[in-house]
Structure formats: C-alpha cells, structure tokens
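Here is a short briefing for a reader who is new to this structure. Look it over first, then read the points below.

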Amino acid sequence: MDNSFNHYILGVFVSLFLAVLLFTKKGKSTADLILGIWLLMIGFHIWMFSGFINNQIDKYPHLLGISLIMPFLHGPLLFYYIVALTKPQDLNFKLFFTHAALPVIILFLDLPFFMLESKEKIFVFKNSGKGFENAVLISHILLTISGLIYLFLNFKLLNEHKKRVLAQFSNQENINLNWLRILIYMMAVIWIFIIFSESDPWIFSLSSIYVVVLGYFGINQVGIFTNKSLALESVNNSEVIEDIEPTEEKKKYAKSGLTEDVAISLHENLKSLMQEKQLFKEAELTLVELANNLNVHPNYLSQVINEKEGINFYDYINGLRVEEFKRLLLLPENQKYTIIALAYECGFNSKSAFNRIFKKHTNLSPTEYMKEQGIKNIKDL
C-alpha cells in the first residue's frame with residue numbers, strides 16, 4: 001500500500017468520522033443533515049478513486065456509473081448547506097428540484113454507459129472514455145460551468161448573510177461564517193484543477209486535504225459539530241430589513257411607512273438614549289433590543305440608522321464604542337488599567353475585534369493613537 005493510497009484513506013476516514021458526528025449530534029439541524037450527507041458523498045467519492053488507482057475497480061464495476069454523476073452533486077450539496085445556514089426559509093422543493101436538474105441531465109446523458117456489461121464499463125473507464133468521447137467532452141464543459149456558477153452563488157449567499165449580521169448585531173465574533181468562506185476558496189482551487197489540469201490524483205489529494213481542513217474549522221467553530229448556534233438562528237429567523245448600500249437607500253425604503261418627521265424624532269431619541277444609558281456598552285446588543293428600548297419596530301430603527309447616520313447598525317454601535325474608548329483614555333483615573341480592560345468597558349468582546357474596529361474608524365491602531373495623543377501610562381495588554 002503506497003503513501004498516496006494512505007492519504008486517500010485518511011480523507012475517507014475523516015469524512016466518515018465527521019458525518020457520524022453530525023448524524024449523532026444532539027439537536028441536529030437541517031444544515032447538519034445536509035453537511036453529513038455531503039461528507040458521506042465526499043468520502044465515498046475519494047474511496048472509489050483510491051480503489052481505481054490501486055486496481056481494485058474490477059471488483060466494483062457496477063459503481064463506475066455513479067462516479068460520473070457524483071462530481072455534479074458536490075456543488076448543489078454545498079449550496080444547500082449554505083442556504084440552510086444562512087436562509088433556511090428558502091429551503092423548499094422548488095430549490096431542490098432546480099439544483100438537481102443538472103445531475104439528472106448527466107444521468108440521462110450517461111445512460112448508454114450504464115447499459116454496458118461490466119467488462120465493457122471497465123474497458124471504457126480505463127481507456128479515458130473510449131467510445132464516449134462526446135459525452136465526456138459535454139460532461140466536462142457542463143462541470144466547468146456548474147463549478148463556476150456554484151462558486152458565485154455560494155459567495156453571494158455569504159455576502160448577503162454578512163449584511164444581515166451587520167444590520168442586526170453589534171458584534172459578529174460568534175456568528176460570522178468566515179470559516180466557510182475559506183472552504184469555498186479551497187473548493188475554488190479544486191475546481192481550477194478540475195478545469196485546467198484534469199489530474200485526478202491532484203484533485204482527490206486536494207479533496208482529502210479539504211475534508212481535514214473542514215473538520216478542523218468545524219470542530220473549532222461553535223455549533224457545527226456540537227450544539228447549534230442560537231445567534232445564527234436569530235439572524236435567520238429575523239424579519240429585520242437587510243443592510244443596504246447607500247445608493248440603494250431611497251429605492252429600498254420607498255414604500256416604508258416612516259415619515260420624515262417621525263424619522264427625525266426617532267433619530268433624536270436614539271442619540272439621547274445612547275448618551276444617557278450608553279447601551280452600546282452591552283457587548284451583545286442587537287438591533288431588536290435597541291428597538292425595544294425605543295418602543296419602535298426594528299425595521300424603522302434600521303432605516304433611521306441607515307438614512308441619518310449613513311452606516312449600518314454594526315458600524316454605528318462600534319463607532320460609539322470607539323469614541324467612548326477615546327474618552328476614557330484621557331481620564332487620569334483610568335491610567336491604572338490596560339487597553340483591553342478599557343475596551344471591554346466600552347462594549348468590545350475580544351482584543352482582535354477591538355483592534356480591527358478601532359483601526360477601521362481611526363486609521364490607527366490603539367497604540368499608534370495613544371502615541372499620537374501623548375498617552376504613555378496605559379499598558380498594551
């Protein structure tokens with residue numbers, strides 16, 4: 001057994017292990033089931049290829065046809081998983097039917113191959129599709145198009161999800177899907193090899209690495225292989241208006257029932273509330289909670305923040321936190337504290353988030369800002 005076979009088997013084992021974790025997970029969601037099914041399929045696909053390169057395919061000729069369809073299932077399954085995570089309300093029969101159309105087309109295209117005897121299937125498979133050159137060419141073209149389309153759709157879903165998070169939450173440390181974005185980038189690399197190199201050993205080696213990375217991020221990300229993320233569910237179940245670009249503002253709110261006078265009054269109430277109660281210091285503050293304090297519908301509050309402040313809820317709250325941090329730095333009694341202690345006091349919930357947000361709002365790191373202001377006694381810890 002050579003080393004290449006060993007790493008293929010590692011990919012199969014990790015795929016099956018992660019699938020079992022998902023299927024036995026307490027309180028599993030639809031997203032968990034979809035990811036589990038996809039992992040099983042990845043493992044099965046890698047196992048089939050590992051058998052082929054080790055001359056074991058003669059024992060399983062009836063499985064050869066399945067390997068022709070499987071590449072067309074990975075894109076839809078990853079897409080279904082991201083939809084289930086970000087917009088579960090969109091999961092319906094119509095969506096499944098639409099994205100299952102291409103695999104069904106490939107199934108009919110490959111029917112002549114399915115009808116062959118076992119020995120004929122093995123001959124065709126080992127001779128690069130001899131006798132089925134046109135079907136192979138059409139399949140490759142469709143697979144290329146499919147891969148590009150699903151990469152676009154998946155990134156679009158993640159960007160839309162990020163906008164919803166920024167419109168409703170004052171921090172996103174526990175509810176962002178950046179780990180999934182990394183997995184899509186890796187999937188893009190695999191697709192590049194599929195399109196340009198057509199080197200199966202490279203493609204399946206990368207697939208084995210892919211499931212290991214997926215497992216790493218999955219185990220480290222709250223809610224994937226353990227309990228469900230309640231914060232993520234609250235994003236999906238909310239009816240709050242999504243964050244928008246400034247150029248889309250008038251069009252988005254054209255049918256809103258919020259008059260200009262009411263909007264101005266609400267904006268003044270918002271500023272007064274923030275000044276008096278400093279609710280931005282609550283690390284887990286959400287748009288809904290802030291709207292409840294103002295006795296207004298979250299949609300209207302979201303509209304006011306977008307129109308009057310020109311930014312989303314996330315940037316609005318964190319901008320107030322940055323300004324509060326800058327104020328606290330100047331107070332002599334605070335020189336006994338560290339930078340991160342003051343940051344937590346202002347509502348930030350991690351050092352990395354604080355540093356990133358502070359630099360976004362000031363174009364300086366906290367230490368650079370203190371140096372510019374001549375503040376020397378506060379420790380950078």
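A residue counts as buried under 20% relative accessible area, as exposed over 50%, and as partly exposed in between, with a 1.4 Å probe and protein chains only. Of the 381 residues of the protein, 48% are buried. This is a predicted model, in which local features need pLDDT of at least 70 and side-chain atom pairs count only at pLDDT 80 or more, while totals for chains, interfaces and linings use all residues. Residues are numbered from 1 along each chain as its sequence is written, and side-chain values use heavy atoms, with hydrogens and water left out.

**Overall build**

- The protein has 19 helices and 0 strands.
- Helices (H or I, at least four residues) and strands (E, at least two) are DSSP runs, numbered from the N terminus.
- A contact means heavy atoms within 4.5 Å.
- Among contacts in the protein with a separation of 6 or more, 71% join residues 24 or more positions apart.

**Aromatic pairs**

- A pair of aromatic rings is described by the distance of the centres and the angle of the planes.
- Rings of Phe, Tyr and Trp (its six-membered ring) pair if their centres lie within 6.5 Å; planes under 30 degrees apart count as stacked, over 60 as edge-to-face and the rest as tilted.
- A search of the whole structure finds 14 aromatic pairs.
- In one of them, the ring centres of phenylalanine 354 and phenylalanine 358 are 5.7 Å apart and the planes stand at 50 degrees, so this pair is tilted.
- These two residues, phenylalanine 354 and phenylalanine 358, are 4 residues apart in helix α18 (residues 351-362), about one helical turn.
- Phenylalanine 354 is buried at 1% relative accessibility, and phenylalanine 358 is buried at 0%.
- Phenylalanine 358 also pairs with tyrosine 369: the centres are 5.5 Å apart and the planes at 75 degrees, so this pair is edge-to-face.
- Phenylalanine 358 lies in α18 and tyrosine 369 in α19 (residues 366-373), so the pair ties together parts 11 residues apart in sequence.
- Tyrosine 369 is buried too, with a relative accessible area of 11%.
- Phe325, Phe348, Phe354, Phe358 and Tyr369 form one aromatic cluster.

**Pocket and cavities**

- On a 1 Å grid over the protein atoms alone, a cavity is a set of points where a 1.4 Å probe fits but cannot get out; a pocket is an open set with protein on both sides within 12 Å along at least five of seven lines; lining residues have an atom within 4 Å of a point.
- Grid points are joined across faces, edges and corners, and a volume is the space filled by probe spheres set on the points.
- Ala, Val, Leu, Ile, Met, Phe, Trp, Tyr, Cys and Pro count as nonpolar, Asp, Glu, Lys and Arg as charged, and the others, Gly among them, as polar.
- The largest pocket has a volume of about 1200 Å³.
- It is lined by 39 residues, and Ser67, Leu68, Pro71, Phe125 and Asp200 are the closest to its centre.
- Helix α2 gives the most to the lining of the largest pocket, with 7 residues.
- That lining of the largest pocket divides into 26 nonpolar, 9 polar and 4 charged residues.
- There are 4 cavities of 30 Å³ or more.
- The second largest cavity has a volume of about 50 Å³.
- Helices α4 (71-86), α8 (133-168) and α9 (178-197) each supply at least two residues of the lining of the second largest cavity, with the largest share, 4 residues, from α8.
- The lining of the second largest cavity holds 5 nonpolar, 4 polar and no charged residues.

**Loops with positive phi**

- Asparagine 295 has a positive phi near 55 degrees and is not a glycine.
- Asparagine 295 lies in the loop between α14 (287-294) and α15 (298-309), and is exposed at 72%.
- Asparagine 363, also not a glycine, has a positive phi of about 65 degrees.
- Asparagine 363 lies in the loop between α18 and α19, and is exposed at 63%.
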